[in-house]
Each structure stands twice: as C-alpha cells, then as structure tokens.
Amino acid sequence: METEQEIIAMPRIGDKAPEFKAVTTQGNIHFPNDYKGDWVILFSHPADFTPVCTSEFITFASLEEKFLKANCKLVGLSIDGLYSHIAWLRSIKEKIEYKGMKNVEVKFPLIEDITMSVAKKYGMLQPNESSTKAVRAVFFVDPKGIIRAIIYYPLSLGRNFDELYRVVVALQAADKFEVATPADWNPGDDVIIGPAGSCGTAENRMQGKEDMECKDWYFCTRKLDKDTVLKKVLKK
Ligand code: BEZ
C-alpha cells in the first residue's frame with residue numbers, strides 16, 4: 001500500500017532529480033544517470049490519442065533539433081503502455097498536421113508508466129485535477145542531475161514552447177555568465193547583477209563602475225550581447 005506521502009511527493013527546485021529505470025519508445029533508460037553532461041527536459045502529458053497532447057508532441061518533435069543545439073534532450077512520459085505510445089506516434093506521423101507541421105517523427109524517448117511509479121515520484125499525478133492522468137509537468141534538469149526549474153500546466157492547457165526554450169537558454173546563460181535574467185529576458189537583453197557583495201562593492205555599483213548600471217543599490221544591470229550568449233550556449 002502506498003502512502004498519501006508517496007502520491008503527493010513533489011520534487012523541488014534544487015533537488016537531485018529522483019532516479020528511475022523505465023521502458024521507453026527508444027529502449028530502456030536510467031534517469032537521470034543516462035543524461036549526465038546534458039540538460040534534459042522531462043515532461044509528462046495526460047494521455048496518448050488526445051488532441052492537446054498531439055499538438056504538443058508535434059511541436060516538441062519539430063523543435064527537437066533546436067533543443068539539442070541548446071544542449072537539451074527531451075524525454076516524455078504518460079500513464080500509458082508502450083504499444084499505445086507506438087501506435088499513437090505512428091498515427092501522428094501518418095495522419096496529423098498541426099500548424100503546417102506534418103509527417104512528424106517523434107525521435108525522443110516516451111516513457112511507459114502504466115504503474116504510475118515515475119509519475120508519482122515526480123508529482124505529475126495531481127489527484128484533484130485527475131487521479132489517472134498526469135498533468136502537463138515540465139522538469140528542467142541540469143547536467144549534474146539537479147532540478148533547476150519546474151512548470152506545471154493543467155490538462156486543458158497546451159504548453160508555450162517559446163517559454164520552454166527561453167528557460168533552457170536563460171538557465172544556461174545565468175550559469176555561464178553568473179548573472180540573473182529579468183522579466184521576459186531573451187538573449188540580447190540586459191542581465192541582472194547579483195546583490196552587493198557578490199558582484200562588486202555597493203559603492204562601485206552606485207558609481208557605475210564594473211561595467212554595470214545601477215538604478216539603486218539593489219537594481220543593477222549590465223549589457224550582454226546576443227551573440228556572446230548564443231556562442232556560449234548553443235552548439236556550433
Ligand atoms: C488533450 O490532450 O486534449 C487532453 C487530455 C486530457 C484531458 C483533456 C485534454
């Protein structure tokens with residue numbers, strides 16, 4: 001008998017990604033161990049053969065190369081069996097067109113989780129939304145296997161892929177340049193310098209030294225041009 005605690009386990013930002021072994025459409029995986037050295041998005045969808053999920057899979061698959069160029073692999077999951085996954089992905093490729101995307105082959109692994117064991121470990125099963133279907137969870141896991149960001153959407157709401165990609169790039173930019181990224185940041189926008197003490201003295205910050213502009217002691221930005229970010233974050 002599983003405890004209530006197991007059903008509502010919710011990994012948090014900064015936690016090590018819970019480990020599991022699973023069967024996928026691309027063979028067996030051992031997560032996050034198999035992804036050491038790469039960023040990975042682990043995401044769940046409610047069910048195979050449903051329309052919002054279908055639109056999302058076509059979009060994920062069409063963007064896979066773009067995510068890979070940003071050092072980020074994709075891994076999907078739903079509480080369905082392997083043969084359902086295989087049949088659904090075949091139907092998507094053969095029959096479904098969405099926003100001009102068609103003949104789309106899903107090449108990233110899709111986990112079968114008929115026992116719900118992974119969904120429960122990751123808080124993907126949220127019983128007041130559905131007790132049998134995973135919500136649309138998105139875990140951004142870094143090359144050391146640490147969860148760095150989490151986004152949850154309900155069953156009825158398809159994900160925003162510009163935002164998922166923005167998160168992947170922004171997390172890497174923050175790491176590589178030791179900065180934070182403000183509201184709606186995209187490469188080329190100014191970045192935020194950490195609090196006084198961590199990045200120069202308060203005096204220098206207010207005097208505009210150290211390549212930064214301060215509006216007050218707590219709000220300092222600096223330029224970081226788009227090419228510099230993309231050169232560091234994207235593969236050649
Ligand atoms: C969908 O993907 O269309 C969907 C799945 C589960 C519940 C509602 C919508």
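Guide: A residue counts as exposed when its relative accessible area is over 50%, as buried when that value is under 20%, and as partly exposed in between. Keep in mind that we are looking at a predicted model.

Visitor: Thanks! Is Lys215 buried or exposed, then?

Guide: Lys215 has 59% relative accessibility, so it falls in the exposed class. Its salt-bridge partner is Glu213, with 2.5 Å between the closest N and O atoms. Glu213, at 42%, counts as partly exposed.

Visitor: How many salt bridges are there by this rule?

Guide: The general idea is a side-chain nitrogen of Lys or Arg within 4 Å of a carboxyl oxygen of Asp or Glu. By that rule the count is 9 salt bridges. Some share partners, and in this way Glu56, Arg136 and Arg159 are joined into one network.

Visitor: Which residue does Asp142 meet in a salt bridge?

Guide: Asp142 pairs with Arg148, at 3.1 Å from N to O. Asp142 is at 8% relative accessibility, which means it is buried, whereas Arg148 is partly exposed at 23%.

Visitor: And where do Glu163 and Arg166 lie?

Guide: Both belong to helix H5, residues 161-177, and they sit 3 residues apart, about one turn of the helix. Glu163 is partly exposed, at 25% relative accessibility.

Visitor: Let's turn to the ligand. Which residues surround it?

Guide: The shell consists of Pro46, Thr50, Pro51, Val52, Cys53, Arg136 and Leu155. By type, these shell residues split into 5 nonpolar, 1 polar and 1 charged. Helix H2, residues 51-69, supplies the largest share of the shell, with 3 residues.

Visitor: Which atom of Val52 lies 2.7 Å from an oxygen atom of the ligand?

Guide: For Val52, a backbone N or O atom lies at that distance. With Thr50, a polar side-chain atom is 3.0 Å from a ligand oxygen. Arg136 also places a polar side-chain atom 3.1 Å from an oxygen of the ligand. The ligand taken alone exposes 260 Å², and the protein buries 78% of that.

Visitor: Which residues form a nonpolar patch on the surface?

Guide: Trp217, Tyr218 and Phe219 make up such a patch, with about 390 Å² of accessible area together. Phe219 is found in strand E10, residues 219-222. With a relative accessible area of 39%, Phe219 is partly exposed.

Visitor: One last item: how many residues apart in sequence are Arg12 and Tyr122?

Guide: They are 110 residues apart in sequence, with 9.2 Å between their C-alpha atoms in space. Arg12 is in the loop between helix H1 (4-7) and strand E1 (20-24), and its relative accessible area of 59% makes Arg12 exposed.

Terms used
Residues numbered from 1 in each chain as written. Predicted model: local features only at pLDDT ≥ 70, side-chain atom pairs only at ≥ 80, totals over all residues. Heavy atoms only, no water. Near = heavy atom within 4 Å. Polar contact = N/O pair within 3.5 Å; in protein donor to acceptor, adjacent residues only side chain to side chain. Areas by Shrake-Rupley, 256 points an atom, 1.4 Å probe, with all protein chains shown as cover. Helix = DSSP H or I, 4+ residues; strand = E, 2+ residues; numbered from the N terminus. Nonpolar A, V, L, I, M, F, W, Y, C, P; charged D, E, K, R; others polar. Patch = residues over 30% accessible without salt bridge, like charges linked within 9 Å, V, L, I, M, F, W, Y side chains within 5 Å. Buried < 20%, exposed > 50% of the residue type's maximum accessible area, 1.4 Å probe, protein only.
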